[in-house]
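Please have the model open in a viewer, with the chains shown separately.

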Amino acid sequence: MEDYIEVLQRGKADIHFVHPDEFRKFVRDKKNRGLEDKLMDEKEAVKKYVKDGDYLAYDFSSLTRGPQSLIREIIRQRKKNLWVLAKFTLLETVLLAGAGCVDKIDIGFLGFGPYIARKVQEGAVKVYDYSNGSVTYRLVAGAMGIPFMPARDLLGTDTMKQSGGIVIRDPFSKIPVALFPALNPDVSIIHVQEADIYGNARVYGPTVATLETAMASKRVIISAERIIETIEFREHPNWTTVPYYCVDAVVHAPFGAYPGGTQGYYEMDADHYLKLTSIKTEEEMQEYLEEYVYSVDNHEEFLEKRVGVKRLKELIQNSQILEGYR
Amino acid sequence: MEVEFTDTEFMICNAARLLEDNKTIFVGWGVPQVVAILAEKLYTPNIVQVFEFGAIGPQSRTPFLRGTMGGPSNTYRSLQWCSMNLAFSYAQVGYIDYGMLGAAQIDRYGNINSTMIGDDYSRPKVRFPGSGGGNEVASYCWKTIIVMAHEKRRFVERCDFITSPGHKLDGKTREEVGLPAESGPFRVITSKGMFGFDEETKELKLLGVLRGLTVDEVLDDMGIEPLVAENVVELDPPTAQELKTLREEIDPYGLIISKGAKFKVEL
């Protein structure tokens, strides 16, 4: 048959997939279009919107503008059986796996250091390999409300075999093309520079997939360095990265990306990173988690007792480049 | 007079000399970032760096911050900040001339492994971070340059896992599997030499060796036998100016450039 689309290859991975109409109905019924004050702390936001077994995505990364206070809160609440999107990740997977929160990881970039590598080598965490680009295209499809995105990456590779993509013969060009299934995470956590109490959010700097991640996800928790008035968004509508109706919770989280940096606010804490990336053994990991996550009640206490004003002041001082971030 | 330098310094300098001015380059994490900064400072002032997280044309600040990927010094004075979707789409549609990547393993056709060592995907002997944006760089850029340490175990007949595509994928050409035509690996820069790919067979071909090394010494350190060009050129060691720029301006703490074996070569 002339019109039959030929499937040339199927990747092996299990996929988290939501039918586009199911997602539309969720948006219709569960996403509030009213201007509702969504301000709450990490504890309440995670309790309300992150469930055991959820598919979790985040943006940007643990070095830059990553939602680290929310990651720590997810660990503190000992969430279980998460399926995590490791898109452009660095240390989020390391911590979540160390805390036993994660069962499965879709990999753009697995993460740094010997600890997470060992978890995969031992089979303690199940992984599915893609690439940063293909997982981002999955989010783009999820954000557009379509079931897949065609693209020309992963073709011919073992990565394709282990992914959730398929290869078809494109009916237009007649060449093989990859189709990546849409990704609609149950929940995403995103750190931004500025947000209002309704969830309008503004990011300065490169965005990775901020808007796509928010649009594609059923529930969205925004953490922000500053809470600003809504009029600020109306004055510069071009600068709105995520509109309020995508957002379910807004957390005011100064230094929310620590030990990473947030552009225009503070630099990353390189010493703390070194401590994290050098974790090898289970014992070292559990000691780290006890000291920096479990033994403090919340983000404020973490900053006060585990980081300290002196260190925070140094990180602000190291962040002197403001061009583009105001 | 002698010049002393590390493996990494030689690779960085040799790779920087390969780039062309007024072209775009997709830059991977780590060593490629330093290559691009060195090239911009000494050889190709109008080269436009492109980063996967969504920075087009930054003029990265020095000293280079190791680990930075998207922070203010790495994205300083960009022409555009955008999303990852767009950064890769610029490459997919054909705007990006060069790509630069590292690799754990490489095979005869320039396929790259950055995922795992072993033969069981579910229980790898060694697990690496995986593709990151490497697959897109190797799939989409017109010419990909691979920069890697020259070690026997890294050159294999077939990668344990093909993360990113070379010129032939289990017998099929790039076009046959659907990859963009006329793209693919262009050079492999190692700590001992430089390789290209044969125009006809697309096999790895030794083009040059570091001054002071023989062709046999370079071939002995490989797990496969590559083709050898008729006239293998002698590659200059790092120049005084290159080393000064690397050591004083770009990486004064030696976070990247101090890695690897040390070489001494007569000037």
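Select β11(B) and show its side chains: B:Lys143, B:Ile145 and B:Val147 point one way, B:Thr144, B:Ile146 and B:Met148 the other way, and all are buried (20 or more other C-beta atoms within 10 Å of a residue's own, with C-beta atoms placed from the backbone). In a regular strand, side chains alternate between the two faces of the sheet. Strands here are DSSP E runs of at least two residues and helices H or I runs of at least four, numbered from the N terminus. Because 6 of the 6 residues of β11 (residues 143-148) of chain B are buried, the rest of the structure largely encloses this strand.

This is a predicted model, in which local features need pLDDT of at least 70 and side-chain atom pairs pLDDT 80 or more, while totals for chains, interfaces and linings use all residues. Residues are numbered from 1 along each chain as its sequence is written, and chains are lettered from A and ligands numbered from 1 in the order in which they are written.

B:Leu101 has B:Ile146 as its bridge partner in β11(B).

Finally, show both chains. Their contact takes 45 residues from chain B and 47 residues from chain A, where contact means C-beta atoms, placed from the backbone, within 7 Å. On the chain B side, α3 (84-92) and α4 (134-140) each give two or more residues, and α3(B) has the largest share, 4 residues.

How values were computed:
Two residues are in contact if their C-beta atoms, placed from the backbone, lie within 7 Å. A residue is buried if 20 or more other C-beta atoms lie within 10 Å of its own, exposed if 12 or fewer, and partly exposed in between; C-beta atoms are placed from the backbone. Two strands pair if DSSP finds at least two bridges between them.
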